[in-house]
Amino acid sequence: MLTPVKSFLWVVVIAYTFTDFSSKKDSETTIGQSQILQKEAFYVLNTKCNFCHEEKRNRTIFTLENMNTLAKTIEYQVFTTRKMPKGRKNKLSSLEEEKLKNWMNSLHTP
């Protein structure tokens, strides 16, 4: 026969067995991956876009702080209309495009 203490211990063991402890770690991993993707995308924006934006008046300079809010505009200009970046020397490689797309996709994941 089980005593109340043994019954309680069994409940604790069973509850522990079925508890998912990975969700916090998974969300921390997702946040870390999002930050890496953002930094990779910022490198592309900084090397392919900012130097020209700095020369032109009324152009937004991309920073780590503002780039997430500008993501839809960047997506439209770079991938939809293909107006940016301007010039043959500034053309994005397929790897650079992939980095920007990966960053943008990371913004849509919860």
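Okay, let's start with the burial: of the 110 residues in this chain, 23% are buried, and buried here means under 20% relative accessible area, with exposed over 50% and partly exposed in between (1.4 Å probe, protein chains only). Before going on, two notes on the model. It's a predicted one, so local features need pLDDT of at least 70 and side-chain atom pairs count only at pLDDT 80 or more, while totals for chains, interfaces and linings use all residues. Residues are numbered from 1 along each chain as its sequence is written, and side-chain values use heavy atoms, with hydrogens and water left out.

So, what does the chain look like? It has 4 helices and 0 strands, where helices (H or I, at least four residues) and strands (E, at least two) are DSSP runs numbered from the N terminus. Going along the sequence, the pattern is α-α-α-α. Now contacts, meaning heavy atoms within 4.5 Å. If you take contacts between residues at least 6 apart in sequence, 56% of them join residues at least 24 apart.

Next, the core. A nonpolar core is a set of buried Ala, Val, Leu, Ile, Met, Phe, Trp, Tyr and Cys residues joined through side-chain atoms within 4.5 Å. The largest one here has 15 residues, and L45, M67, I74, V78, L100 and W103 are those with the most contacts inside it. Which elements give two or more residues to this core? They are α2 (22-55), α3 (71-80) and α4 (94-107). The most comes from α2, with 5 residues. As general background, nonpolar side chains tend to be buried together in soluble globular proteins.

Let me pick out I74. Setting aside neighbours within four places in sequence, I74 is in contact with L45, F62, M67, F79, W103 and M104. M104 counts as buried because its relative accessible area is 3%. Leaving out residues up to four places away in sequence, M104 touches A71, I74, E75 and F79. And then there's A41: M104 and A41 are 63 residues apart in sequence, but C-alpha to C-alpha they are 8.8 Å apart in space.

Staying with α3, which of its residues are buried? Those are A71, I74, V78 and F79. They sit on the same side of α3, because they cover an arc of only 90° around the axis, the arc being that of the directions from the helix axis to the C-beta atoms. On the face turned away from that buried side, you'll find the exposed residues K72 and T80. Just after α3 comes R82, with a positive phi of about 60°.

R82 takes us to the charged pairs. There are 2 salt bridges in the structure, a salt bridge being a side-chain nitrogen of Lys or Arg within 4 Å of a carboxyl oxygen of Asp or Glu. R82 pairs with E97, and their closest N and O atoms are 3.0 Å apart. E97 is in helix α4 and R82 is in the loop between α3 and α4, 15 residues apart.

The other pair is E96 with K48, at 3.6 Å, N to O. This one joins helix α4, where E96 is, to helix α2, where K48 is, and the two are 48 residues apart. Are these two buried or exposed? E96 is buried, because its relative accessible area is 16%. K48 is buried too, at 14%.

A polar atom of its side chain lies 3.1 Å from the backbone oxygen of K91. Not counting residues up to four places away in sequence, K48 touches P85, K89, N90, K91, L92 and E96.

Also in helix α2 is H53. With a relative accessible area of 12%, H53 is buried. Its side chain reaches the backbone oxygen of T60 at 2.6 Å. Leaving out residues up to four places away in sequence, H53 touches R59, T60, I61 and F62.

Last topic, the cysteines. How many disulfides does a search of the whole structure find? It finds 0, taking a disulfide as a pair of cysteine sulfur atoms within 2.5 Å. For C49, the nearest cysteine sulfur is that of C52, and it is 8.7 Å away. C52 is in no disulfide either. C49 counts as buried, because its relative accessibility is 10%.

Conventions. Polar contact = N/O pair within 3.5 Å; in protein donor to acceptor, adjacent residues only side chain to side chain.
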